[in-house]
Amino acid sequence: MRTKEGQVEEIIKGVGISKGYAIGKHYHFEKQKIAISEESISEDKVAEGINFCKNTIDSYIEELELVESSSGEAKAISEAHIQMLSDPYFFSCIEGKIREDLKNAELAIYETCKEMAEVMASLDDLYLKEREADYRDIGESLVYKLRGLEKKSLSALPDKVIVACQDLSPTDALKIDNTKVLGFVTEKGSKTSHTAIIAQNLSIPAVSGIENLSESLKTCQSLIVNGYEGIIIIDPDEDTLEAYRKKIEDEREKKHRLESIKGKKAVTKDGKEIRVGANIGNLEDLSDALKNACDGVGLFRTEMLYMKSQALPSEEDQFAYYKKAGQLLDGKELIIRTLDIGGDKGVDYLQIPKEDNPFLGYRAIRLCLDRPDIFKAQLRAILRASALGNIKIMLPYLISLEEIRQVKKFLEEIKSDLDREKIAYDKDIEVGIMVETPAAVIMADKFAEEVDFFSIGTNDLTQYILAADRGNTKIVSIYNPYNPAVLRAIKYVIDQSHKKGKWTGMCGAFASDPDATRLLVGLGLDEFSLSASKISEIKSIIINSSYEEEREFANRVINLSTVAEVEDLVRENNKKACF
């Protein structure tokens, strides 16, 4: 179809990285490219080059410390970059290139950041893989500062626009004026990139994976971004524009409805109350969760505290951190997951050996039981903090009763020490486990006799049950939590916990999927734990559901044989239940 100007409407498929719709003019964002000088320096210029780099890094750290933003993720980016820039190893690499190889300052910085980015890109862990962009971003920012150049940014856009670019670095995303950005369209990017996460937190529609973007948009007069379907529409006709205006209005009304949900309990129409908590990695995440009226924290990832430190955090450091989180929650539950690190998600000071298959290796509870000095310090800090908040302990990556019993033995030893020292703690603190291995599913009936609760980590559980690496794009269609094998595992775990009078939550990505909410309610899930931005949406679906109706529906789903059958029935049920 043609627009009034005679342009032909064109639909281009990409990948939706942030849901929503946007209509507007596009703004092509392209930064100045800098050719890095490879000229060597003389030996008498070495000290000058090192000082130049040090002063530039210090100046950039000061600049990042001044960053103010309402977005917890944006604050986390600036803090992560400060940590990377402050790492003594980072500067020693730069210094070595200048002192030993006589490389000029900008080349030393550029090569160091490039090498570190390549290391991150080679890792299997998706979170760490995304840090490749951080190192490339830091390198670019420092070279700009070395040359005294001002980076083009999205902080002062002339009008409301849809930003189109090859890619957005973390600091590009950090500086956006969200009152002017209607949407993003990029050639590169993924659902776990900083750009995607910030777009999601700010509810800005975004689509990535659009090849030859600048060429496609060269004569574009107007643009539609559909973050749900992962498409852009170039020069849409009037009928298409009208249809999308209606979608945007419907979304606006939905947001108003969700605002009214804040502060309400998630209780189904027939009276079943289900907790909706948040997954957090730091106190900034917790601030976002509280703004979104979480019922508590279903997953506190403590490894972030270890990863941002240059040495093992002390018991006192941990105690202060956990105490602060517990106090901020003011009586709401705080489930602290013990250290889940190892393999490819390591920290230099632990000197964890490189492994061929780190996801099945020396990690999480295995590392903790092997290093009781580290583990007991954390458990002691958590116990002490439990006197000042509603705190629970959660153990990751369990496969055996022996592991559970060893942890309980440690806890009893620490409790005895605290009693002797007259230090307060919650004597009835609950201890639960992550269910993320096939062994934990198969042993759920026995494990439920030993622990107080389960939390299903669907990210790992799905890949282990289906033998499908969740980071492998070649088998992305196989990695699917709607697979009947995964759903049967979830149901079995929930049923076994209920038989023993225990409860089961879910903190994996499946808990954040609105399409899965009614099914999970029907399977009997007691708690959803997810990103803060999803809390109201998931609560709204629960409030408008009937537990008995969804239980009957889930029983039908659990007897299906294929992913396609499951997805079709889930889609049909959700359409029927639309409100």
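Modeller: A residue counts as buried when its relative accessible area is under 20%, and as exposed when it is over 50%. Note that this is a predicted model.

Biologist: With that cut-off, what share of the residues of the protein counts as buried?

Modeller: The protein has 579 residues. Applying the limit of under 20% relative accessible area, the share that counts as buried is 53%.

Biologist: What radius of gyration does the protein have, and what would a compact globule have?

Modeller: For 579 residues, a compact globule would come near 25 Å. The C-alpha trace spans about 70 × 65 × 40 Å along its principal axes. The radius of gyration of the protein agrees with the globule value, at 25 Å.

Biologist: How many helices and strands make up the secondary structure?

Modeller: Of the contacts with a separation of 6 or more, 68% are between residues 24 or more positions apart. The secondary structure that goes with this chain comes to 24 helices and 17 strands.

Biologist: Which strands pair with β12, and in which sense, parallel or antiparallel?

Modeller: On one count, β11 and β12 are joined by four bridges and run parallel; Val 297 has Leu 334 as its bridge partner there. β12 also pairs over four bridges with strand β13 (residues 391-395), again in the parallel sense, and Ile 335 is bridged to Lys 392.

Biologist: Which strand is joined to β11 by three bridges?

Modeller: The two strands run parallel.

Biologist: How many residues of β11 and of β12 are buried?

Modeller: Strand β11 covers residues 296-301, and five of its six residues are buried, so the rest of the structure largely encloses it. β12 is largely enclosed as well, because its buried residues number five of five. The counts are five of six for β11 and five of five for β12.

Biologist: Which residues of β12 point the other way from Glu 333, Ile 335 and Arg 337?

Modeller: In a regular strand the side chains alternate between the two faces of the sheet. In β12, Glu 333, Ile 335 and Arg 337 point one way, and all the residues on both sides are buried. Those pointing the other way are Leu 334 and Ile 336.

Biologist: Is Gly 361 buried or exposed?

Modeller: Gly 361 lies in the loop between β12 and α14. Leaving aside neighbours within four places in sequence, Gly 361 is in contact with Glu 355 and Arg 366. Its relative accessible area is 13%, and the limit is under 20%, so Gly 361 is buried.

Biologist: Is Gly 148 buried or exposed?

Modeller: Gly 148 is placed in the loop between α6 and β5. Its relative accessible area is 63%. The limit for that class is over 50%, so Gly 148 is exposed.

Biologist: What value is phi of Ala 364 near?

Modeller: Most residues other than glycine have a negative phi. Ala 364 sits in helix α14 and is buried, at 0% relative accessibility. Its phi is positive, near 50°.

Note on methods: Residues are numbered from 1 along each chain as its sequence is written. This is a predicted model: local features need pLDDT of at least 70, side-chain atom pairs count only at pLDDT 80 or more; totals for chains, interfaces and linings use all residues. Side-chain values use heavy atoms; hydrogens and water are left out. The radius of gyration is taken over C-alpha atoms; the globule rule is 2.2 Å times the number of residues to the power 0.38. Buried means under 20% relative accessible area, exposed over 50%, partly exposed in between (1.4 Å probe, protein chains only). Contact means heavy atoms within 4.5 Å. Two strands pair if DSSP finds at least two bridges between them.
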